[in-house]
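My notes are below, in the order I looked things up.

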Amino acid sequence: MNKVLTTGIFLGIAIAFPLVMHAMDQAFYISFATRILIYAMAAASLNLVLGYGGMVSFGHAAFFGAGAYIVGILAFEGITSLWISWPAAIAVAALAALVIGAISLRTRGVYFIMITLAFAQMMYYVFVSLKAYGGDDGLSLPSRSTGLGVSLSNDFAWYYLVLALLIIILYLLHRLLASRFGRVIEAIRENETRATAVGYPVYRYQLLCFVISGAIAGLAGALIANQTGYVGPALLHWVQSGTLMIMVILGGVGRFWGGPVGAVVLLALEELFSGSSLLGPYSLHWQLPVGIILLAVVMFAPQGIAGAFAKKPQ
Amino acid sequence: MLSLKNLSKRFGGVVAVDSVSLDVAAGEVHALIGPNGAGKTTLIHQISGSLPCDEGQITFQGVDLTKAKPHSRVRAGLARSYQITSIFRRFTVLDNLALAVQARSGTSFSFWKPVAREKALFDEARSIAAQVGLSGKVDATAATLAHGEQRSLEVALALATRPKLVLLDEPMAGMGPEESNRMIGLIGRIRAQVAVLLVEHDMDAVFRLADRISVMVNGRLIATDAPERIRMNAEVRKAYLGDELAA
């Protein structure tokens, strides 16, 4: 299947989905699909550092959660315009990525995984102890962000806005990965020693990649705050970092569609098994079937779902 | 061109490089020989910047590079190859070389324009591939190349940075006689444009190529001289060459 066709099919499904659901009187699924799109963006941002940059960040929830909290806190303080709160969310997430990355990228391997995890947990406890903004209980948003002239409380408008942003982000990533910068990032993943030996200042490239990824995660965070109308410390918890990582692994590490595909499949599986329609009373234990499927994918499709469908092995 | 003054490197109590002073002149092939464990590769690591110097000074074309970062040394014209092949294994040969060319042509903090459209990069990568005899393999993934071809790519990556001096750490390692001959031919051809500091165990290659030879034993340089005089040097014969040349 050629790339343009695949992209076209994905795009067609994404555009038609709310209309079909509306016609079928299943409007609930529009909101569910919006959540998937937001996680697709967050997972794509993680795939940039993890899959393409070879930097196994186990603290990506920090940037996701920071973006969400900025929108929550600004709304709590009365600033609801997305022209202010979203750029602020992106900027703060990027800044957090700059600081965390600047320190973490001096380490490698397991140490890098552990130090990114540690930083994310530190941020988690910062927000837990932030009593002014709800502490443990988090913060409810009075309404969705404003500033576009249409009410984003309308699920259709909200869905299409998120979809448009996801498309823009994926296109930017697509350009980035084919650019000079993208080639260098992949070269460093392949062989850091040699990348240095042909004259690249490896640290600077990795740090910038980390910041770009953090900024995108921050935008996804701003969106999830609007989506759920609530921000809480759980958004920054390491389990959230793990969920994003599972999405990337499931979808395909270092595959362009890895993040989005992983988000769709994981969230759809969760929805399927945690609802009572399929498993009845056993739906309480939905993690078990989801876990078994994850295990099967990792064993039989080590390149992830997107990798299994790609022609060219990598 | 390259000048080392009293360079030292200790690992704990072991002195790997012991106050080494050495000059490589422009246009020269300077061979560095010595038994295993003499500290040759450690010295190369120090010159390329992957290991810091405990003592001493490195100047290259009049500039003090003792504390310079490895990538800035490459930009200054000091490239290296590795004893153990170090290439971008999942990239094609052409992409390997284009990446090295890219490093010295314009900024790589460029995020929008597809690199595939930069014809100049790939043209130059092709000409470097031709120079090392890899023209027929440009579209092959580096990992699929034969050992000798990977060694050629290793050297080509260093040459692609367009260095003024190249440090070649055992370029013939693990090569058969025919491949070695090809590598000797390659080094013979590049010497017109670039000075070479050659670490090599293949004495045939060393004596065919070198203008001068330095002999390193237990971290110290015991002699630097023209090949025919190194052959005659009693201390060198005793310490290292002995049997091989007596035959």
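**Entry 1: the core**

I kept in mind throughout that this is a predicted model. I started with the largest nonpolar core, which has 165 residues. Ala93(A), Leu97(B) and Ala156(B) have the most contacts inside it. Which helix gives the most to this core? I found helix α2 of chain A, residues 28-52, with 15 residues. I then listed the contacts of Leu97(B), leaving out residues up to four places away in sequence: Ala125(B), Ile128(B), Ala129(B), Ala156(B), Leu157(B) and Ala160(B).

**Entry 2: where the chains meet**

Next I looked at the contact between the chains: 20 residues of chain A are in contact with 28 residues of chain B. On the chain A side, α6 (155-178), α7 (180-190) and α8 (192-197) each supply at least two residues. The largest share is from α7(A), with six residues. By type, I noted nine nonpolar, six polar and five charged residues on the side of chain A that touches chain B.

**Entry 3: the six-stranded sheet in chain B**

I traced an open sheet of six strands in chain B, in the order β6-β7-β8-β3-β9-β10, with mixed pairing. Which strands are at the edges? They are β6 (78-81) and β10 (220-225) of chain B, each pairing on one side only. From one strand to the next, the twist averages 15°.

Then I went through some of the pairings. Strand β3(B), residues 29-33, runs parallel to β9(B), residues 212-217, and four bridges join them. I noted one partner here: His30(B) bridges to Arg212(B) in β9(B). Helix α5 of chain B, residues 147-160, packs on this sheet, where it touches β6 and β7 (165-169) of chain B. The direction of α5(B) makes about 170° with that of β6(B).

**Entry 4: strand β6(B) and Ser81(B)**

Four bridges join β6(B) to β7(B), and the two run parallel. Arg80(B) has Leu167(B) as its bridge partner in β7(B). Leu78(B) and Arg80(B) point one way from the strand, Ala79(B) and Ser81(B) the other way, and all are buried.

Why does Ser81(B) count as buried? I get 26 C-beta neighbours inside 10 Å for Ser81(B), and the cut-off for buried is 20 or more. Its contacts beyond four places in sequence are Glu154(B), Val155(B), Ala158(B), Leu168(B), Asp169(B) and Pro171(B). I also checked Ser81(B) against Leu153(B): they are 72 residues apart in sequence and 9.6 Å apart in space, C-alpha to C-alpha.

**Entry 5: the four-stranded sheet in chain B**

Chain B also has an open sheet of four strands, β2-β1-β4-β5, with antiparallel pairing. β2 (14-24) and β5 (63-64) of chain B each have a single partner strand, so one side of each is left without a neighbour in the sheet. Two bridges join β4(B), residues 55-60, to β5(B), and I found Phe60(B) opposite Val63(B) in β5(B). Helix α1 of chain B, residues 40-48, lies across β1 (2-11), β2 and β4 of chain B, at about 65° to β2(B).

**Entry 6: helix α10(A)**

Is α10(A) mostly covered or mostly exposed? I count it as mostly covered, with ten of its 14 residues buried. Among these are Leu244(A), Met245(A), Val248(A) and Ile249(A). The cover includes α2, α3 (61-76), α5 (109-128), α11 (258-274), α13 (287-300) and α14 (304-309) of chain A. Just after the helix, Gly252(A) takes a positive phi of about 135°.

**Entry 7: positive phi without glycine**

Asn6(B) has phi near 50° and lies in strand β1 of chain B. With 12 other C-beta atoms within 10 Å, Asn6(B) is exposed. Asn218(B) also has phi near 50°, but lies in the loop between β9 and β10 of chain B. Asn218(B) is partly exposed, with 14 other C-beta atoms within 10 Å.

Note on methods
Residues are numbered from 1 along each chain as its sequence is written. Chains are lettered from A and ligands numbered from 1 in the order in which they are written. This is a predicted model: local features need pLDDT of at least 70, side-chain atom pairs count only at pLDDT 80 or more; totals for chains, interfaces and linings use all residues. A nonpolar core is a set of buried Ala, Val, Leu, Ile, Met, Phe, Trp, Tyr and Cys residues joined through C-beta atoms within 7 Å. Two residues are in contact if their C-beta atoms, placed from the backbone, lie within 7 Å. Ala, Val, Leu, Ile, Met, Phe, Trp, Tyr, Cys and Pro count as nonpolar, Asp, Glu, Lys and Arg as charged, and the others, Gly among them, as polar. Two strands pair if DSSP finds at least two bridges between them. Axes are lines fitted to C-alpha atoms, for helices over the stretch in contact, and angles run from 0 to 180 degrees between N-to-C directions.
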